[in-house]
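Here's a quick tour of a model, written for someone who likes to check things against the coordinates. Have the viewer open as you read.

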Amino acid sequence: MRRKRTYAQTLGGRHKAALLAVTALVGFGLGFGIAHLVAGSIAYWGVVSGPFLVSLRVAIPATVIAGITGVAAGYALAKGRFPGRSVLETLGSLPLILPPTVIGYYLLQVLSPGTRVGGFLTRVVGHVLVYNVIGCIIVATVAAFPFCMRAARAAIEGVDPGVEEAARTMGLPDWRVALQVTLPLARRGIASGLAIGSARALGEYGATLMVGGDIDGRTRTMSLAILDSFTTPERNTMILILVLMAISAMTGVGLLGRSRT
Amino acid sequence: MTPALEVAVARSIGEFELDVAFTVESGLSVLFGPSGAGKSLTLALIAGLIRPDTGTIAIHGDVVTDCSRRIHVSTQQRRIGMVFQDGLLLPHRSVLDNVALAVRQVRGRRERRAVAGEWLQRVGAEELADRQPGSLSGGQRQRVALARGLAGDPALVLLDEPLSALDAAVRRELRDVIRGVIISSGVPAVLVTHDAEEAEELGDVVIAYHDGRVTGTRSIERPVRPEPPPGTPGSGERT
Amino acid sequence: MNAVVPHSWLDRLGIPPWVWNPLSISLRAAFEATIVVAVAGVALGYVLAKGRFPGRDAIETVFSLPMALPPTVVGLYLLTRMGGPGPIRNAEIHLFGHPLTFTFTGIVIAQIVESFPYCMRFSRTAISVVDPRFEQAARAMGLSPWRIALLVTLPLARRGIVAGVAMAFGRALGDFGATMIVGGSVPLATTMPIALYNAVFYGSHGQAMVLALVQLVVAFAILLGVSRLGKLQPW
């Protein structure tokens, strides 16, 4: 009886993954199609496309940055005992339960050109960091980072140290062991962290509002636009699209990690 | 007299195939063989934790598993006791509470703890009653595990490599405790081990295992010990 | 509107009402929400950890959705379900006499929805890593499935479960988007995060600083507690 269950699980896993992918794509397409029909006019796309593009422009770089830094932080936490370890762990997890408005407040203190730190950073970077896309990306990265870090850490801790040992005895230097052995073995957990992180980045509202300023065409993400358009007909379209984006982001990135188990 | 245990089962797991049949009349029977021969799997089947692919199992004449008739009595209903290699005592309860949890033939917290206390005494662990399992040595832990396995008034007690995790000196010491307590309690027992010396010392019957099959059965003659006067430890008195 | 501590105490402690009001509302709402979430979340986490039935992963995904969706979307959904015509609104009117939008109970519900996934997922993980042989030993001892869950499995998983409840509490305390939409600008629904937003929006920088600092300290404390739970030796 145990054998039957394992077989069904393998079969179900592959089927499930394929089903999710198809559902996400079909749902995405259907969503657009239905939204068009419901909206009744292609003109609504014009209203929706602005926030849609802003969201993409914010969430994609944010996920990439949060992914890279999150994996690095997760690796460090999983492997090393270094001074400041618990600081990294706690600070990195703060955005998980810190209210978005608190995140927004402190980011404003750090990035706004009016403050000391903010002024310094603005001069160094050469560009204002608030009320534009850069600020939004920073916010989204901060929001997504804890998910990536924690998922990566758990996944890396779950890698069999024996395999890493074997790689080391074969003469591979530590950095190659990390890149070619540890991380590939941990890719499922890392991918799921990226998935949730990207969904979080897409959905961020409170801090984005405070740091970005909700400027139409520049910092008005889908999340913000949904609320701004609440009383108008585009609302349903916006909600549909954002939900589908989030779901497909989760499943899409999650599926990447499911290959060849 | 009805045999204590009749087993005739087959079960495949991956590439491994188990196909065994044997009978335990009474006393202590030992399943002996190398690691991976299927001995622990057999215990799990007897306990009802796993279902066989085909075959039957009967405890004291009651059929608890019969694949052809789709009978499978749940583990809870089987009135067995189990002793594990690492004890598996609940770390969040005291030693006495751990043993008391297994007592099912009486009701009431105080009565259960009283029965538990008696069994702790029989295994020589009565001074450990209020200790936490995490603070016990290996030998102490296995004594408590033995008490817990017997405290529930089982019809059959199963021991899965109970001494394998202990060092040699402790192992020899506990061997006598195990055999003494089990024989004096009168409960039939099946014990799994890969240690030849242990099999010889403990078993009334040694059932040899190899690669999922029983390769031989041997009875061991034991000189009958003169009965110690009743009231001394080990006299086998049981209410 | 302060129903928790008399004003005279606050004056003596030197805590101004613009801190204490939102703080007490936040604490009360999060507390009520966490009670519900703790019971339901652990129960569902147990079912998901132990059960083998079709649609198990689908159920976990559905109940984890609030974690992935923007809080504003969740808030809007709740607003339309609880305020717009439909079975949920009817049930509310039947039970409470009025729809729950823009009420204190409404924001408690919003926080339940938002924090539920944290407790559920933490519990599921904690329960699923309990050594199954403990449960096998318990079965051999004759314990019924109920007693095994209550006396063996859950106590063995309690560190992870407590961490999950703590995270859920923290999430409820920190909720902004969903609370704001379901609660509106009703004073009884002004939690700490909303009070901070108002302070920044209306330029009360001094108040904003204090409100932000209080929330930062609270979140920090909860996180420290949770990581302490994780660091101690599991059984």
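What follows covers a helix, a chain contact and some strand pairing in a predicted model.

## Helix α4 of chain A

Let's start with α4 of chain A, which runs over residues 100-111. With 12 residues at 1.5 Å each, the helix should span 16 Å, and since its end C-alpha atoms sit 16 Å apart, the two agree.

Is this helix mostly covered or mostly open? Mostly covered: 9 of the 12 residues in α4(A) are buried. The buried set takes in A:Pro100, A:Thr101, A:Val102, A:Ile103, A:Gly104 and A:Tyr105, along with A:Leu107, A:Leu108 and A:Leu111.

## Where chain A touches chain C

Chain A puts 26 residues into its contact with chain C, and chain C puts in 29. On the chain A side, α4 is one of the helices that each supply at least two residues; the others are α3 (85-97), α9 (187-203), α10 (206-212), α11 (222-228) and α12 (234-256). Sorted by class, that side of chain A has 19 nonpolar, 6 polar and 1 charged residues.

## Strands in chain B

Over in chain B, strand β1 (residues 5-13) runs antiparallel to β2 (residues 16-24), with 9 bridges joining them. B:Arg11 faces B:Leu18 across this pair.

How values were computed
Residues numbered from 1 in each chain as written. Chains lettered and ligands numbered in written order. Predicted model: local features only at pLDDT ≥ 70, side-chain atom pairs only at ≥ 80, totals over all residues. Helix = DSSP H or I, 4+ residues; strand = E, 2+ residues; numbered from the N terminus. Expected span 1.5 Å × (residues − 1). Buried ≥ 20, exposed ≤ 12 C-beta atoms within 10 Å, placed from the backbone. Contact = placed C-beta atoms within 7 Å. Nonpolar A, V, L, I, M, F, W, Y, C, P; charged D, E, K, R; others polar. Pairing = 2+ DSSP bridges.
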